[in-house]
Amino acid sequence: MKLIFIGLIRGGIPFMLLGTVAVLLGFQNKTMEARGTFFTALIVSIVGASSIIYDIPQWGLVKRSTFHFMLMLITIYPILLFSGWFPLHTFKDGLIVLGIFLLVGLFLWTLFFTLATIFKW
């Protein structure tokens, strides 16, 4: 139960802050900026909330990483597709977005794994 609360905090605070910015942008008729900020709020809140996966002591690194990847694939990837940030005229365009998703994810996982190893997180 404690982990769920921590996840709600890690995901909820950024969502409330960025969501407020998105609403304010909407009131200023800056529709595209509001939309982009809202999608950013969704992504940041999902990533933040899902970080509790790495706080589950019973799970090994492979299980944590696999579960986290699957969660990101079913949440973040669709958000990227619907965000309007990428042209999606063909199936190939969706595959390009998937490739970007995979490369950025691999880079970030490697970066944070390295930092966690160095700083003993």
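Leu-102 lies in helix α4, where helices are DSSP runs of H or I of at least four residues, strands are runs of E of at least two, and both are numbered from the N terminus. With a relative accessible area of 37%, Leu-102 is partly exposed; buried means under 20% relative accessible area, exposed over 50%, and partly exposed in between, with a 1.4 Å probe and protein chains only. The C-alpha atom of Leu-102 is separated by 15 Å from that of Phe-67, 35 residues apart along the chain.

The model is predicted, so that local features need pLDDT of at least 70 and side-chain atom pairs count only at pLDDT 80 or more, while totals for chains, interfaces and linings use all residues. Residues are numbered from 1 along each chain as its sequence is written, and side-chain values use heavy atoms, with hydrogens and water left out.

The chain as a whole comes next. Taken along the principal axes, the C-alpha atoms fill a box of roughly 45 × 35 × 25 Å. Of the 121 residues in the chain, 26% are buried. Contact means heavy atoms within 4.5 Å. Among the contacts in the chain with a separation of 6 or more, 53% are between residues 24 or more positions apart.

Between α1 (2–27) and α2 there is a loop that holds Asn-29. Phi of Asn-29 is positive, near 60°, in a residue other than glycine. Most residues other than glycine have a negative phi. Asn-29 counts as exposed because its relative accessibility is 68%.

Helix α2 (residues 31–50) includes Ser-45. Ser-45 has a relative accessible area of 10% and is therefore buried. Leaving out residues up to four places away in sequence, Ser-45 touches Gly-11 and Phe-15. Val-47 also has its place in α2, but at 36% relative accessibility Val-47 counts as partly exposed. Beyond its neighbours within four places in sequence, Val-47 is in contact with Met-72 and Ile-76. Val-47 and Ile-96 are 49 residues apart in sequence and 21 Å apart in space, C-alpha to C-alpha.

Two packed helices are described by the angle between their axes and the distance between the axes. The axes are lines fitted to C-alpha atoms, for helices over the stretch in contact, and the angles run from 0 to 180 degrees between N-to-C directions. For α2 and α3 the angle is about 180° and the axes are 10 Å apart. This makes α2 roughly antiparallel to α3; angles under 35 degrees count as roughly parallel, over 145 as roughly antiparallel, 65 to 115 as roughly perpendicular and the rest as oblique. On the α2 side the contact is made by Arg-35, Phe-39, Leu-42, Ile-43, Ile-46, Val-47 and Ser-50, and on the α3 side by His-68, Leu-71, Met-72, Thr-75, Ile-76, Ile-79, Leu-80 and Phe-82. By class, the residues of this contact of α2 with α3 divide into 11 nonpolar, 3 polar and 1 charged. Here Ala, Val, Leu, Ile, Met, Phe, Trp, Tyr, Cys and Pro count as nonpolar, Asp, Glu, Lys and Arg as charged, and the others, Gly among them, as polar.

Helix α3 (residues 61–82) also packs on helix α4 (residues 91–119): their axes come within 11 Å and cross at roughly 140°. That angle makes α3 oblique to α4. The crossing of α3 and α4 is right-handed, a term used if the near helix is turned clockwise from the far one by less than a right angle, with left-handed used if anticlockwise. The α3 residues Leu-61, Ser-65, Phe-69, Met-72, Leu-73, Ile-76, Tyr-77, Leu-80 and Leu-81 meet Gly-94, Leu-95, Val-97, Leu-98, Phe-101, Leu-102, Trp-109 and Phe-113 of α4. The contact of α3 with α4 has 15 nonpolar, 2 polar and no charged residues.

Within α4, the buried residues include Asp-93, Gly-94, Val-97 and Phe-101. The cover over the buried residues of α4 includes α3. At 1.5 Å a residue, the 29 residues of α4 should span 42 Å, and its end C-alpha atoms are 42 Å apart, which agrees; the expected span is 1.5 Å times one less than the number of residues.

Lys-120 is found in the segment after α4. Phi of Lys-120 is near 55°, a positive value in a residue other than glycine. Lys-120 counts as exposed, at 69% relative accessibility.
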